[in-house]
Amino acid sequence: MRRIATIIGTTGVGKSQLGVELCKALKGQVINADSMQVYKGLDVITNKMPFHERQGIQHHLMDFLDPEEEYQVGQFKQDATECIEKLCDDQKLLPVIVGGTNYYIQSLLWHNMLIKKEQEIQRSPSPSPENDLSTKLFNNYEEELDNLETKELYNRLEKVDPIMANRWHPSDRRKILRSLQIYYQTGRPQSEIIKEQQENHDTHGIQSRFSSLIFWLYADPSKLNPRLDDRVDKMIETGLFDEIKSLRKRVVDGNVQLPGQDIEKYQRGLWQAIGYKEFDPYFTALEANDQSEQDLEKIKKECTERMKSATRRYAKRQVQWIRNKLIPTVNKSKDVNIYLLDATDLDAWDSNVRQNAIDIATVFQENKPLPEPTSLGSLAASMLSPSSTTMDSQTRALTWQKHTCHICRTNTGDPLVLHGDLEWKQHTSSRAHRKGLKRRNNDIERVKRMKNDNPVDNDDTTTNITSPISTTSS
């Protein structure tokens, strides 16, 4: 089995630097696994490592795609696999996968992590007529789906795959569209395919594609977040605005077309890069030329803070993915080991990160027994320990629940719907919900006193007030 090293972690934690250091020490080359860094140019907004910092180490799958193109995960898996085979078999070099695009990493390291497209599988029988889905839509799904409103897409998903419809927020167009695309590509509901994958993993285990050594670079958020803020400031100083202006001009000139509609146009391809969407209000005002210098500066500062907040949230989501999805998968598979390297203190980088990685990777290359991952310190022991509440991604998708709060209401007066246990937990601990609950309890006590003082039939009133706090659907 071919051997590879993989470096993961949050944005701005030093993955690219460690990739170069590993390659220099162990005769390797980098394979990029960042979905934004595949695009030509645009080095600032995609945070590419400057050439002089790469120290002559070759980087594959970087800087080759035009902005209007999209690089699907299946294509990455195929291209990265070809790179790995050439490096391992022909050049006898260590492939070092570097990047923070989670689904790229997952699809590359393990078998059966992707849903095969229509041309790769035998199509199931046509959908039942009762779903009122035409043959034309079945064969030409992509163009027609793109032209539908999000609400209509959600209604269609409820018909063909109610389990996944329950999983997604009704306004999350990108995920709703993806579930529908899978249905029309394969002729099967996504939830059915996920269940099949889960059963296969339970029966046969999760099969790795390579003998993999994963280094997880982790920095405490209290130290990492100020670094991320500083990096945004540096990006602005070193050409971020020039790149955004250039992209916007290409859109206006018709050379590049934004994908999708509304918010979806910022959820596909290059346009997902943090910074483009966040600075849209500033450049829109700048182009309109109807704002004072003072107002423009105010908008610019607001957009800068928006970009910093988005970067910090992204880093938090990356850690959540590693803990909730990657680590459980590693624990269920053979031939894959993960080590946490503490990158909190940059002054201790050489001892805590660089040397630890080189020592472990050397043992790995020599096929000698590897150290216990939790032996690298208390932080590693804590962060790598599986949580008793952690579920694999398939189980989580199939058991996802919506919660309806009958105390709190939307602006239209409808009961508030919360999507998932985490959102429900956050809502029930919120000040607004607690005030609503207190108000409801006071109303119940008031009605009880009224009934005691005036023993008449008030069943309709009490039934309305004492309705359940919440209901769930799964």
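These questions and answers concern a predicted model of a protein chain.

Visitor: How many helices and strands are there in the protein chain, and what share of its residues count as buried?
Guide: The chain has 474 residues. DSSP runs in it give 19 helices and 9 strands. With buried taken as under 20% relative accessible area, the buried share of the residues is 46%.

Visitor: Among contacts between residues at least 6 apart in sequence, what percentage join residues at least 24 apart?
Guide: A contact here means heavy atoms within 4.5 Å. Counting those between residues at least 6 apart in the protein chain, the share that join residues at least 24 apart is 74%.

Visitor: Is S211 buried or exposed, and which residues does it touch?
Guide: S211 belongs to strand β5, which covers residues 211–218. Its relative accessible area is 11%, so S211 is buried. Leaving out residues up to four places away in sequence, S211 touches M1, R2, R3, I4, D335 and F364.

Visitor: How many salt bridges does the count come to, and how far apart are the closest N and O atoms of K40 and D66?
Guide: The count comes to 15 salt bridges. K40 and D66 form a salt bridge, their closest N and O atoms being 3.2 Å apart. This pair links distant parts of the chain, with K40 in the loop between β2 and β3 and D66 in the loop between β3 and α2.

Visitor: Are K40 and D66 buried, partly exposed or exposed?
Guide: Partly exposed residues lie between the limits of under 20% for buried and over 50% for exposed. K40 has a relative accessibility of 42%, so K40 counts as partly exposed. D66 has 25%, so D66 also counts as partly exposed.

Visitor: Which helices does the salt bridge between D229 and R312 link?
Guide: The closest N and O atoms of D229 and R312 are 2.7 Å apart. The two residues are 83 residues apart and link distant parts of the chain. R312 is partly exposed, at 25% relative accessible area. D229 is in α10 and R312 in α13, so the helices asked for are α10 and α13.

Visitor: Why are R446 and D443 separated by about one helical turn?
Guide: The side chains of R446 and D443 meet in a salt bridge at 3.7 Å, N to O. R446 is partly exposed at 38% relative accessible area, and D443 is partly exposed at 29%. They are separated by about one helical turn because they are 3 residues apart in helix α18.

Visitor: Which residues gather in a patch of positive charge on the surface, and where is K435?
Guide: The patch on the surface is made of R431, R434, K435 and R439. Helix α18 spans residues 431–453, and the place of K435 is in helix α18.

Visitor: What are the phi values of L42 and L61, and in which loops do they lie?
Guide: Most residues other than glycine have a negative phi. L42 lies in the loop between β2 and β3, and L61 in the loop between β3 and α2. L42 counts as buried at 14% relative accessibility, and L61 counts as buried at 14%. Phi is positive in both, about 50° for L42 and near 55° for L61.

Notes. Residues numbered from 1 in each chain as written. Predicted model: local features only at pLDDT ≥ 70, side-chain atom pairs only at ≥ 80, totals over all residues. Heavy atoms only, no water. Helix = DSSP H or I, 4+ residues; strand = E, 2+ residues; numbered from the N terminus. Buried < 20%, exposed > 50% of the residue type's maximum accessible area, 1.4 Å probe, protein only. Patch = residues over 30% accessible without salt bridge, like charges linked within 9 Å, V, L, I, M, F, W, Y side chains within 5 Å. Areas by Shrake-Rupley, 256 points an atom, 1.4 Å probe, with all protein chains shown as cover. Salt bridge = Lys/Arg side-chain N within 4 Å of Asp/Glu carboxyl O. Lys, Arg positive; Asp, Glu negative; His and termini not counted. Charge placed at Lys NZ, Arg CZ, Asp CG, Glu CD.
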